[in-house]
Amino acid sequence: MTTLSPTSTPAIVPRKKVNLLGLSRVQMEQFFEDLGEKKFRAQQVLKWIHHAGVIRIEDMSNLGKALRDKLLDIAEVRPPEIASQQDSSDGTRKWAIRVDGGGLVETVLIPSGNRATLCVSSQVGCSLDCSFCSTGKQGFERDLTAAEIIGQVWLAIKSYDAFGPGNNRVVSNVVMMGMGEPLLNFDNVVAAMDLMLEDLAYGLSKRRVTLSTSGVVPALDRLAGVSEVSLAVSLHAPNDELRNQLVPINRKYPIAVLLESCRNYMAAQSDKSRVVTIEYTLIRDVNDQVTHARELVELLRDTPCKVNLIPFNAFAQSDYRRPSGNAVQRFWQVLVDAGYIVTVRTTRGDDIDAACGQLVGQVVDRTRRSERYRAADDAQLITVG
Ligand code: SF4
């Protein structure tokens, strides 16, 4: 005789809904095709989300009730949450953004004349441990999803209530320079950048979207085949010995390999007049001497570029110090005399830094990478002294 064990009800695992916010045009079209719907539904939904700022599927009135009901069952449009917001007297606005799992990242909008640049994060934390970077010291938590990346753009526009026709564009430029190394989150970053450039979403020109990398060479080579966004590279040193200390990934992909990859990326662009932005954080008595500047002049000879100098901002866990104004001036002069276009980052949003640090807590970006947005600003030449 067979003994039956008591039957137990199987646990119901809730189906995860697709977050339509992070789907590129191609992905959205595929999504609707898989549902047996026409492609133009993808265009309608993209416009609702990114042009009109509508995230309630119930409110997407031109989809028809049957399709809306079907979507409500399997999909959602869910931006990350704003944990806090700070406004500076100079117009800079910073958000601490809470993502699934509770992690916090920072997004910053920096207005300047008739443009406004949004600095966007790509990861919670970072695994690369650059020696001058607070984020790197806190380790890596996880990649952001495409929805969490493009959601930062969506939230910035929403916070000014600026969706819809007739509103001035709140975000004119985007720089992938917030927390994380964007090329280590390749697929999600590329999908989000596609939406930044997509006319059915944010419609920014490829010159106005910049990816900043510390030098993940294989991913940069791969990017050349799929994207035409502007490129910024965190160099920070004129030779491998010094860069190995400051940017440890240099031990894997040394400067010569990185610069070759940059040249290849620029060569692959349809517009041959574009150049790579070289970011160089000046740290007192580490890499801010005239000899370093001269070495940099020689190093960059064959790479079409402009240089963005970033005086280091000290933070508690770091022994590094800010360079003197004279050192910055001297460094700048050597590069300018050699014919380079050189910008020096100015400080923005100073009055909200402390509060922002409190809000974001352990993940605050004290290197203020967000302000390197100026690297992407073609027109600005800021002199020191
Ligand atoms: S500087 Fe950028 S790549 Fe380096 S540790 Fe910080 S976030 Fe990561």
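The legends below describe close-up views of one predicted protein model.

Residue numbers start at 1 in each chain and follow the written sequence. Because the model is predicted, local features are given only where pLDDT is at least 70 and side-chain atom pairs count only at pLDDT 80 or more, while totals for chains, interfaces and linings use all residues.

**View 1**
Of the 385 residues, 45% are buried. A residue is called buried if 20 or more other C-beta atoms lie within 10 Å of its own, exposed if 12 or fewer do, and partly exposed in between, with C-beta atoms placed from the backbone. Among contacts with a separation of 6 or more, 69% are between residues 24 or more positions apart. Two residues are in contact if their C-beta atoms, placed from the backbone, lie within 7 Å.

**View 1. The residues around the ligand.**
The shell consists of Cys 126, Leu 128, Asp 129, Cys 130, Cys 133, Thr 135, Gly 136, Met 179, Gly 180, Glu 181 and Ser 214. By type, the shell holds 5 nonpolar, 4 polar and 2 charged residues. In this scheme Ala, Val, Leu, Ile, Met, Phe, Trp, Tyr, Cys and Pro are nonpolar, Asp, Glu, Lys and Arg are charged, and the others, Gly among them, are polar.

**View 2. Helix H2 and its buried face.**
The expected span is 1.5 Å times one less than the number of residues. Arg 41, Ala 42, Val 45, Leu 46, Trp 48, Ile 49 and His 50 are the buried residues of H2. They fall within an arc of 165 degrees seen down the helix axis, so they line one face of H2; the arc is that of the directions from the axis to the C-beta atoms. The cover over these residues includes helix H1 (25–34), helix H3 (65–74) and helix H6 (186–197). Gly 53, with a positive phi near 75 degrees, follows H2.

**View 3. Strand E6 and its two partners.**
Strand E6 (residues 115–119) has 4 of its 5 residues buried, so the rest of the structure largely encloses it. Strand E5 (residues 104–112) pairs with E6 in the antiparallel sense over 5 bridges, where pairing requires at least two DSSP bridges between the strands. Leu 109 has Leu 118 in E6 as its bridge partner. The two strands form a hairpin with 2 residues between them, and Gly 113 in the turn has a positive phi of about 60 degrees. E6 also runs parallel to strand E9 (residues 173–176), joined by 3 bridges. There, Thr 117 is the bridge partner of Asn 173 in E9.

Gly 91 sits in the loop between strand E3 (81–87) and strand E4 (93–98). It is partly exposed, with 13 other C-beta atoms within 10 Å. Its C-alpha atom is 8.5 Å from that of Leu 109, 18 residues away along the chain.
Most residues other than glycine have a negative phi. Asp 161, in the loop between helix H5 (146–159) and E9, has a positive phi of about 55 degrees. Asp 161 counts as exposed, with 10 C-beta neighbours inside 10 Å. Asp 285 lies in the loop between E12 and helix H10 (290–299), and its phi is also positive, near 60 degrees. With 11 C-beta neighbours inside 10 Å, Asp 285 is exposed.

Helix H11 (residues 325–337) reaches 18 Å from its first C-alpha to its last, close to the 18 Å expected for its 13 residues. Phe 331, Trp 332 and Leu 335 are the buried residues of H11. They cover an arc of only 95 degrees around the axis, which puts them on the same side of H11. Exposed residues Asn 326 and Asp 337 are on the face turned away from that buried side. The cover over the buried residues includes E12, H10, E13 and strand E14 (342–344). Strand E13 (residues 305–311) has 6 of its 7 residues buried and runs parallel to strand E12 (residues 276–282), with 7 bridges joining the two. Val 276 stands opposite Cys 305 in E13.

Key:
A residue is near a molecule or strand if its C-beta atom, placed from the backbone, lies within 6 Å of it.
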